[in-house]
Amino acid sequence: MNSRGATGVSWGLIGGLAIIEGVAIWLMWLGQSPLGMVMHGLLGVAIVIVGWRSLRTLHQQRPLSRRQPGLKQLYTLMITNLVMLAVIAVHDCDHMRQAMGWGYHFTLALLLVNIIVYLPNLISLVLVSRGQTKGVVATLISGPLIAVAFLKLHLLGAWLPVWGPWNRSFFALGVDAISWWILVITAVAGIIVGLVATYILGQLSKQ
């Protein structure tokens, strides 16, 4: 895929993320959570701004050394991080669906803590856009980190009781098949992101 095609895919994913956050705002409205509406509105704006600035920065990159990632590799990492963010956002929307079923209203503390799960891939996105190897390493860490963290929380429960009802495992909560499949997809996506970054890091080490 050339730079123009990769840019188009990236913009499509950023637009998709904006739509998912729009759905999240709607779900928060249905769940009568004005704080949640505000938080996800701000999160959606932040994701679009970070994505736009990262794409603009990446477009200006001209690798000067063979030890630096090439543009094709950088766009690949950009896309994988955006996909991971989209998967996390869908996972988040599923929690809102669960909360409505339980009659649970999100607290401000939980909404603030929840923002943490977006940070690894947002940071990776920014580092990738700067064209440095640390962006590859950050992506390698962020994908598997999300996969392991989500599996730990939802299969075994929380070590730190800051996740509201989700301090308990999915088994204890008795979630439906939709939630289980979204968890599996989230974990698989995180591992694939890590594998893509590992492959690119291997290519750079050979150079």
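Hello everyone. A crossing of two helices is called left-handed if the near helix is turned anticlockwise from the far one by less than a right angle. Keep that in mind, please, as we will need it for several helix pairs. One caution before we start: this is a predicted model.

Let's begin with helix H1, residues 3-30, and its partner H3. Their axes come within 9 Å and cross at roughly 15°. Angles under 35 degrees count as roughly parallel, so H1 is roughly parallel to H3. And here is our definition at work: H1 passes H3 in a left-handed crossing. What classes of residue make up the contact of H1 with H3? There are 24 nonpolar residues, three polar and one charged.

Now let's stay with H3 for a moment. Helix H3 covers residues 71-102, which is 32 residues. At 1.5 Å a residue, H3 should span 46 Å, and the end C-alpha atoms of H3 are 47 Å apart, which agrees. How many of the 32 residues of H3 are buried? The count is 23, so H3 is largely enclosed by the rest of the structure. Just after H3 comes Gly103, and Gly103 takes a positive phi of about 75°.

The axes of H3 and H5 come within 9 Å, and they cross at roughly 165°. Since an angle over 145 counts as roughly antiparallel, H3 is roughly antiparallel to H5. The crossing of H3 with H5 is left-handed. Sorted by class, the contact of H3 with H5 has 10 nonpolar residues, four polar and no charged.

Next, let's look at H5 from the side of H2. Helix H2 is residues 34-59 and helix H5 is residues 119-129. These two pack at an angle of about 20°, with their axes 8 Å apart. H2 and H5 are therefore roughly parallel to each other, and their crossing is left-handed. Which residues of H2 meet H5? They are Ile47, Val50, Gly51, Ser54, Thr57 and Leu58, and they meet Leu122, Leu125, Val126, Val128 and Ser129 in H5. By class, the residues in the contact of H2 with H5 are seven nonpolar, four polar and no charged.

Is Ala138 buried or exposed? At 14% relative accessibility, Ala138 counts as buried, because the cut-off for buried is under 20%. Leaving aside neighbours within four places in sequence, Ala138 is in contact with Ser124 and Leu127. Ala138 and Ile123 are 15 residues apart in sequence, and from C-alpha to C-alpha they are 7.7 Å apart in space.

The second stop is Gln32, in the loop between H1 and H2. Gln32 has a phi near 55°, which is a positive value in a residue other than glycine. With 62% relative accessibility, Gln32 counts as exposed, since exposed means over 50%.

Terms used: Residues numbered from 1 in each chain as written. Predicted model: local features only at pLDDT ≥ 70, side-chain atom pairs only at ≥ 80, totals over all residues. Heavy atoms only, no water. Axes fitted to C-alpha atoms, helices over the stretch in contact; angles between N-to-C directions. Helix = DSSP H or I, 4+ residues; strand = E, 2+ residues; numbered from the N terminus. Parallel < 35°, antiparallel > 145°, perpendicular 65-115°, else oblique. Contact = heavy atoms within 4.5 Å. Nonpolar A, V, L, I, M, F, W, Y, C, P; charged D, E, K, R; others polar. Expected span 1.5 Å × (residues − 1). Buried < 20%, exposed > 50% of the residue type's maximum accessible area, 1.4 Å probe, protein only.
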